[in-house]
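Me: I would like to learn how to read a two-chain model, feature by feature. Can we go through one together?

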Amino acid sequence: MIKTILVAFALAASMSVHAAIETYQFDSPEQEARFRQLGYELRCPKCQNQAIGDSDAEISGDLRAEVYRMLKEGATDAEIKDFMVARYGRYVLYSPPLDKQTLILWFGPAGLLVLGGILVVLRIRQSKKALEEGESQA
Amino acid sequence: MNRLMVWLPLGVFAILVGFFFKGLTLDPREQPSALIGQPVPAFELTDLNTGQLLSREMLPKEPFLLNVWASWCITCQVEHPYLTKLSEQMPVVGLNYKDTETAAKNWLQKLGDPYAMQIFDPSGRLGLDLGVAGAPETFLVDSSGVIHLRIQGEVNDRVFTQKIQPMLEMIQ
């Protein structure tokens, strides 16, 4: 019995917390999914590393409202992203488009991995060779 | 080959030191504005003090500073005396960002009003179009309304001499 009451209280409390956060009404589940997806992909301009979808910064709330407004007006995801980039620069995109400026960003890690791999292979071959030479001498 | 292997770690280390050293002097909060080289976005907002309708065309026809501020912003209070001093040298246009009329007016009454005009933007619409992430932010705009510089955070003597002054000399 006590358990049930506690659970009921917990539920009630969590609901009121939820209600205090923004409430957006969507036309369709797809629209809501796009809103969430954009919330993941757009970066809060005020924070170092947080998406607008999970940031409490004032500006993130403003940008969420803007995304919502544009979704309601029928804007495409690309249009919304372009709108944000025009104001906040590339910084707002968590997955920046591939071009000259972002080449290192996209291929740098893979390039380093390949480079490291080559070095490791060379190293192994060398020590093998040294070992074989040592054996033939013996 | 063996020689190279011996020196390689040192080389990698040196490159890393180079990057980290550069990183020491970089402020990650400072981002390039997407609006550098772009005109101030069009707007139709009222003047906080006069209630007159303001638009982009009414901005000063000489280089000026566009200062984004709010009464809730602590740093804005800190930079206010310096902006007041600067306003003797060049026009400072205020953009009152996401504020309430009474709070903003009280603030100006208490601390003084050095602003050439005061764009009242309670919804933060113009702020959003300017790519403002928070207050204070200050833009250097030339005589034809094009943005040349964006300062995030306090404007003080150091920021003026190191950033604003050189750019001002270039656009004058």
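Predicted model: local features only at pLDDT ≥ 70, side-chain atom pairs only at ≥ 80, totals over all residues.

Me: Start with the fold. How many helices and strands does chain A have?

Reply: Count the elements, then read their order. Chain A has 5 helices and 0 strands. Along the sequence the pattern is α-α-α-α-α. Of its 138 residues, 26% count as buried. Among contacts between residues at least 6 apart in sequence, 49% join residues at least 24 apart.

Me: Now the interface. What is the area buried between chain A and chain B?

Reply: Take area and contacts together. The buried area is about 1,600 Å², and carbon and sulfur atoms give 52% of it. Arg87(A), Tyr88(A) and Gln126(A) supply 32% of the area that chain A buries against chain B, more than any other three residues. As for contacts, 20 residues of chain A touch 20 residues of chain B.

Me: How many polar pairs and salt bridges cross the interface of chain A and chain B?

Reply: The rule finds 4 salt bridges across the interface. It also finds 5 residue pairs in polar contact. On the chain A side, helix 3 (58–72), helix 4 (77–88) and helix 5 (103–137) each give two or more residues. Helix 3 of chain A gives the most, with 6 residues.

Me: Which residues pair up in a salt bridge between the chains?

Reply: Arg125(B) and Glu66(A) meet at 3.0 Å, N to O. The pair runs from helix 4 (residues 125–129) of chain B to helix 3 of chain A. Arg125(B) is partly exposed, at 30% relative accessible area. Glu66(A) has 7%, so it is buried; the cut-off for buried is under 20%. A salt bridge at 2.8 Å joins Asp129(B) and Arg87(A).

Me: Take Gln118(B). Is it buried or exposed?

Reply: Read accessibility, then look for a polar partner. Gln118(B) has 1% relative accessibility, so it counts as buried. Its place is in strand 5 (residues 117–121) of chain B. The side chain makes a polar contact with the side chain of Trp69(B), at 2.9 Å. Beyond its sequence neighbours, Gln118(B) is in contact with residues including Thr46(B), Leu54(B), Gly94(B) and Leu108(B).

Me: Last one. Where does helix 5 of chain B bend?

Reply: Compare span with length, then follow the axis. The 15 residues of helix 5 (residues 157–171) should span 21 Å at 1.5 Å a residue; the end C-alpha atoms are 20 Å apart, which agrees. Even so, the helix bends by about 40 degrees at Ile164(B), and Pro166(B) follows within four residues. Ile164(B) is one of the buried residues of this helix, along with Val159(B), Phe160(B), Leu168(B) and Ile171(B). Their cover includes strand 3 (64–69), helix 2 (74–86), strand 6 (137–141) and strand 7 (147–152) of chain B. At the start of the helix, a side-chain oxygen of Asn156(B) reaches to within 3.3 Å of the backbone nitrogen of Arg158(B).

Notes:
Residues numbered from 1 in each chain as written. Chains lettered and ligands numbered in written order. Heavy atoms only, no water. Expected span 1.5 Å × (residues − 1). Bend = angle between axes of the 7 residues up to and from the residue. Buried < 20%, exposed > 50% of the residue type's maximum accessible area, 1.4 Å probe, protein only. Contact = heavy atoms within 4.5 Å. Polar contact = N/O pair within 3.5 Å; in protein donor to acceptor, adjacent residues only side chain to side chain. Buried area = accessible area lost by both parts, 1.4 Å probe. Salt bridge = Lys/Arg side-chain N within 4 Å of Asp/Glu carboxyl O. Lists of a residue's contacts leave out its neighbours within four places in sequence.
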